[in-house]
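Biologist: I am new to reading protein models. Can you take me through one, feature by feature?

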Amino acid sequence: MEPAAMARSPCSAIYQATLPSAPPVPGRLSIRPRCGLALTNPAAARRLVTRCTVGDKAEVEKPIEKRFPPFPTAMDINQIRDILPHRFPFLLVDRVIDYKPGEYAVAIKNVTINDNFFPGHFPERPIMPGVLMVEAMAQVGGIVMLQPEVGGSRENFFFAGIDKVRFRKPVIAGDTLIMRMTLIKLQKRFGIAKMEGKAYVGADLVCEGEFLMSTGSE
């Protein structure tokens, strides 16, 4: 067989066939991978051939249920309940995944078809109401406000105002709403804070706005 007519392997190793004019060395197989290393050990060569037969993609691909790590836990639901006064059906924060005292908090709300607002909003297309997204973000802001680093108490927490709210995409049953509330300005004397809020599903921004929070008395 002419060298030009020899078939090339589709896998990552290129087999160096021996021409009739050069007899092969018994018990040795020379394989030259792309990395430039030559394998002359028969056992190593057989392992490489097996991997090539299966395919490079199948070798490195993980099952889909193992590809995504779980969210970290900076505060669990019991710690959240110790801070926020909200209870069912209005506690809209399931876990705090990142928190820097006096600066920001990042939390999640698992949106499920069992949420009590879905039967009416809407029966044929379950979409999380925008006002509840805003409320959930305000509760994350409350977790920042009701900490000693901000000078707040654990008795009073009020949503004082909101501005520049935009809803970018609908949030539906099955989504995980990821909310970041960042403290922009704080007036400790009056217990008033301005915060920037952003909510995401995956990498998609779904809601944003500026929040005014208060820990003062009514």
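Biologist: Let me start with one residue. Is E61 buried, partly exposed or exposed?

Modeller: Keep in mind that this is a predicted model. E61 has a relative accessibility of 44%, so it counts as partly exposed. The cut-offs are under 20% for buried and over 50% for exposed.

Biologist: Which residue forms a salt bridge with E61?

Modeller: Start with the general idea. Side chains of opposite charge can pair when their charged atoms come close. Here the partner is R67, with the closest N and O atoms 3.7 Å apart. R67 is partly exposed too, at 42%.

Biologist: How many salt bridges are there?

Modeller: The count is eight. Take R168 and E208, whose closest N and O atoms are 2.4 Å apart. R168 sits in the loop between β5 and β6, and E208 in strand β8, so this pair ties together parts 40 residues apart in sequence. R168 is partly exposed, at 48%. E208 is buried, at 16%.

Biologist: Which residues are linked in a network of salt bridges?

Modeller: K164, K194 and E210 are. K194 and E210 meet at 3.6 Å, N to O. K194 lies in strand β7 and E210 in strand β8, so they join parts 16 residues apart in sequence.

Biologist: Now helices. What span should α4 have, and what does the model show?

Modeller: Count 1.5 Å a residue. The 16 residues of α4 should span 22 Å, and the end C-alpha atoms are 22 Å apart, which agrees. Also, 14 of those 16 residues are buried, so the rest of the structure largely encloses α4.

Biologist: E135 lies in that helix. What is the nearest side chain of opposite charge to E135, and how far away is it?

Modeller: It is R87, 11 Å away. E135 is buried yet has no salt bridge. Setting aside neighbours within four places in sequence, E135 contacts H86, F90, L92 and F159.

Biologist: What about the whole chain? How many helices and strands are there?

Modeller: Four helices and eight strands. Buried residues make up 34% of the 218 residues.

Biologist: Where is confidence lowest, and where is it highest?

Modeller: Read the pLDDT. Strand β1 is lowest, with a mean of 42, and strand β4 is highest, at 98. Over residues 2-20 the pLDDT is below 50. Residues 22-38 stay under 50 as well. The chain averages 80, and 68% of its residues score at least 70.

Note on methods:
Residues numbered from 1 in each chain as written. Heavy atoms only, no water. Helix = DSSP H or I, 4+ residues; strand = E, 2+ residues; numbered from the N terminus. Buried < 20%, exposed > 50% of the residue type's maximum accessible area, 1.4 Å probe, protein only. Lys, Arg positive; Asp, Glu negative; His and termini not counted. Salt bridge = Lys/Arg side-chain N within 4 Å of Asp/Glu carboxyl O. Contact = heavy atoms within 4.5 Å. Expected span 1.5 Å × (residues − 1). pLDDT = per-residue confidence, 0-100.
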